[in-house]
Amino acid sequence: MSRRSGVLEFAVLGLLHDAPMHGYELRKRLNVLLGSFRAFSYGTLYPCLKSLVAQGFLVEDNPDTEYVPATALNGKRSKIVYRLSAEGKQRFEELLADSGPDAWEDEHFGVHFAFFGQTDRAVRMRVLEGRRSRLEERLERMRSSIARTRERFDDYTLELQRHGLESVEREVRWLNELIETERANRTGRPGAASGDTSTSDGRGQEAGSPDPPRPPHDRPGRS
């Protein structure tokens with residue numbers, strides 16, 4: 001499985017963990033929740049759904065209804081509703097618990113962060129600290145590159161490099177704030193100490209905490 005298809009699988013299972021939905025609604029939710037998924041089309045999403053069905057992670061309701069893509073002319077939508085099976089729920093929990101190096105990379109981190117409301121605190125901490133470590137390594141490489149190439153590039157190229165550097169520095173500061181917040185909260189899951197709160201899309205948010213920052217994939221100028 002490619003890295004990007006693995007990210008899409010995780011996102012699909014996570015959204016369907018909230019509630020069953022048909023493919024058209026699922027695609028809209030992907031577009032709204034995960035900005036980096038805006039390039040995904042029906043041609044990408046539906047093979048992923050069929051693969052998850054074949055693996056036993058999803059169940060189709062009304063499977064005999066043929067899917068017809070919605071267009072401005074026909075206005076039709078799929079009547080197939082996808083929901084998680086017991087195996088799908090277990091698979092999502094496994095992906096949710098992954099805090100290894102893949103979870104620190106750009107696309108994977110954004111998806112993990114989107115589901116932090118359902119993630120154990122220890123896993124959240126490992127992912128955040130791993131992401132920070134990865135970006136600090138990137139900062140060192142970028143600073144070294146700018147120092148080596150300063151005399152060879154014009155002012156505009158140098159400004160572009162500085163812009164990328166500042167973007168990574170901002171994300172490191174953002175991660176530092178999140179890590180400090182996590183360290184101050186010793187509960188196992190958000191809301192465990194003083195009652196659960198929910199965001200508008202149904203996922204938990206830490207009681208008394210401000211609105212969660214946007215995942216870095218929504219931020220401009222990433223390098």
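Analyst: pLDDT is the predictor's confidence in each residue, from 0 to 100. This is a predicted model, in which local features need pLDDT of at least 70, side-chain atom pairs count only at pLDDT 80 or more, and totals for chains, interfaces and linings use all residues. Residues are numbered from 1 along each chain as its sequence is written, and side-chain values use heavy atoms, with hydrogens and water left out.

User: Where in the protein is confidence lowest, and where is it highest?

Analyst: Helices (H or I, at least four residues) and strands (E, at least two) are DSSP runs, numbered from the N terminus. Confidence is lowest in strand E4 (residues 197–198), with a mean of 40, and highest in H4, at 96. The protein has an average pLDDT of 78, and 70% of the residues score at least 70.

User: Which residues have pLDDT under 50,?

Analyst: Where pLDDT is low, the predicted coordinates should not be read in detail. Residues 70–74 stay under 50, and the model gives them 5 contacts (heavy atoms within 4.5 Å) beyond four places in sequence. Over residues 187–223 the pLDDT is also below 50, with 84 contacts in the model beyond near neighbours in sequence.

User: What is a nonpolar core, and which residues touch the most other members of the largest one?

Analyst: A nonpolar core is a set of buried Ala, Val, Leu, Ile, Met, Phe, Trp, Tyr and Cys residues joined through side-chain atoms within 4.5 Å. Buried means under 20% relative accessible area, exposed over 50%, and partly exposed in between (1.4 Å probe, protein chains only). The largest core holds 28 residues, of which Val12, Leu13, Leu16, Leu26, Leu49 and Leu58 touch the most other members. Helix H1 (3–18) is among the elements that give two or more residues to this core, and H1 provides the largest share, 8 residues. Another core, of 20 residues, lies apart from it and includes Val127, Ile146, Val172 and Leu178.

User: How many aromatic pairs are there?

Analyst: Rings of Phe, Tyr and Trp (its six-membered ring) pair if their centres lie within 6.5 Å; planes under 30 degrees apart count as stacked, over 60 as edge-to-face and the rest as tilted. The count comes to 7 aromatic pairs. The ring centres of Phe10 and Phe115 are 5.6 Å apart with planes at 45°, so this pair is tilted. Phe10 in helix H1 and Phe115 in the loop between H5 and helix H6 (121–149) are 105 residues apart, and both are buried.

User: Which residues do ring pairs link into a cluster?

Analyst: Phe109, Phe113, Phe116 and Trp174 are linked in this way.
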